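Subject: Structure handover, helix packing

Hi,

Here is the structure for your files. My notes on the helix packing follow below.

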Amino acid sequence: MSALPVLYSFRRCPYAMRARLALAVSGQRCELREVVLKAKPQGLLQASPKGTVPVLVLPSGQVLEQSLDIMLWALGQRDPQHWLHPSQGTQAEMQALIAECDGPFKQALDRTKYPTRYPECDPAYERAQAARWLGALEARLNEQPFLFGEHCALADMAIAPFVRQFAGVDPAWWKAQPWPHLQAWLAQWQASSLLASVMEKYPAWVDGEAGITFSPA
């Protein structure tokens with residue numbers, strides 16, 4: 001068993017992205033194993049037969065298979081920017097908003113971005129459903145700089161990767177929406193040094209090889 005936690009990740013996956021953000025901000029060193037999802041290594045499948053990322057294997061052998069669980073574990077070790085303690089609202093309220101993102105919004109996002117996978121769905125309708133939820137985020141950000149108050153918190157970092165993905169489906173459409181606060185919030189996050197620190201491109205991990213030491217500054 002590795003002396004460090006082992007993180008199976010895929011750079012562009014929003015779920016893996018938010019897990020890496022929490023690991024980075026909390027200063028948790030780990031062995032990063034970047035995987036190619038079209039050719040999943042046996043190491044990933046042995047750790048987690050579901051074969052999705054992220055997966056974090058702790059030195060104790062415990063396996064965390066959900067991105068939010070990885071975020072909460074990392075922040076439970078160290079939370080220097082108080083992501084678990086927003087200036088407004090509670091951790092439970094943040095997790096409820098994240099659940100909306102991971103459920104109805106993610107479904108609408110997928111059906112907007114990948115219409116050929118969902119031929120029974122109307123992409124325009126799905127985009128409208130996503131836009132309704134994004135409009136609610138705009139209303140929040142009209143009142144405060146972050147989703148739960150005056151500083152960035154768990155909800156911002158868990159949700160931003162999916163808003164980024166949605167904005168990338170049709171950038172011209174995104175820019176034309178009446179969401180100045182949401183657009184500025186996303187742009188600020190995309191320009192952050194924290195995001196840049198977790199988005200470095202690594203070679204694909206191969207079974208039997210050592211991973212890359214992910215060592216946040």
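Which residues of α4 are buried? They are M94, L97, I98, C101, F105, K106, A108, L109, D110 and T112. Buried means under 20% relative accessible area, with exposed over 50% and partly exposed in between (1.4 Å probe, protein chains only).

Ground rules before the rest. This is a predicted model, where local features need pLDDT of at least 70, side-chain atom pairs count only at pLDDT 80 or more, and totals for chains, interfaces and linings use all residues. Residues are numbered from 1 along each chain as its sequence is written, and side-chain values use heavy atoms, leaving out hydrogens and water.

Helix α4
α4 covers residues 91-113. Helices are DSSP runs (H or I, at least four residues), numbered from the N terminus. α4 has a kink of about 40 degrees, centred on F105. The bend is the angle between axes fitted to the seven residues ending at a residue and the seven starting there. F105 is also among the buried residues. The cover over the buried residues includes α1 (14-25), α3 (67-77), α5 (123-143) and α6 (154-169).

α4 with α6
The two helices pack at about 10 degrees, with axes 10 Å apart. Axes are lines fitted to C-alpha atoms, for helices over the stretch in contact; angles run from 0 to 180 degrees between N-to-C directions. So α4 is roughly parallel to α6 (under 35 degrees; over 145 is roughly antiparallel, 65 to 115 roughly perpendicular, the rest oblique). From α4, the residues in contact (heavy atoms within 4.5 Å) include F105 and K106. From α6, they include F162 and F166. By class, this contact has 14 nonpolar, three polar and three charged residues. Ala, Val, Leu, Ile, Met, Phe, Trp, Tyr, Cys and Pro count as nonpolar, Asp, Glu, Lys and Arg as charged, and the others, Gly among them, as polar.

α1 with α6
These axes come within 9 Å and cross at roughly 145 degrees. P14, Y15, M17, R18 and L21 of α1 meet M157, A158, P161, F162, R164 and Q165 of α6. The contact has eight nonpolar, one polar and two charged residues.

α5 with α6
Here the axes come within 12 Å and cross at roughly 135 degrees. The pair is therefore oblique. R127, A130, W133, L134 and L137 of α5 touch I159, V163 and F166 of α6.

Best wishes
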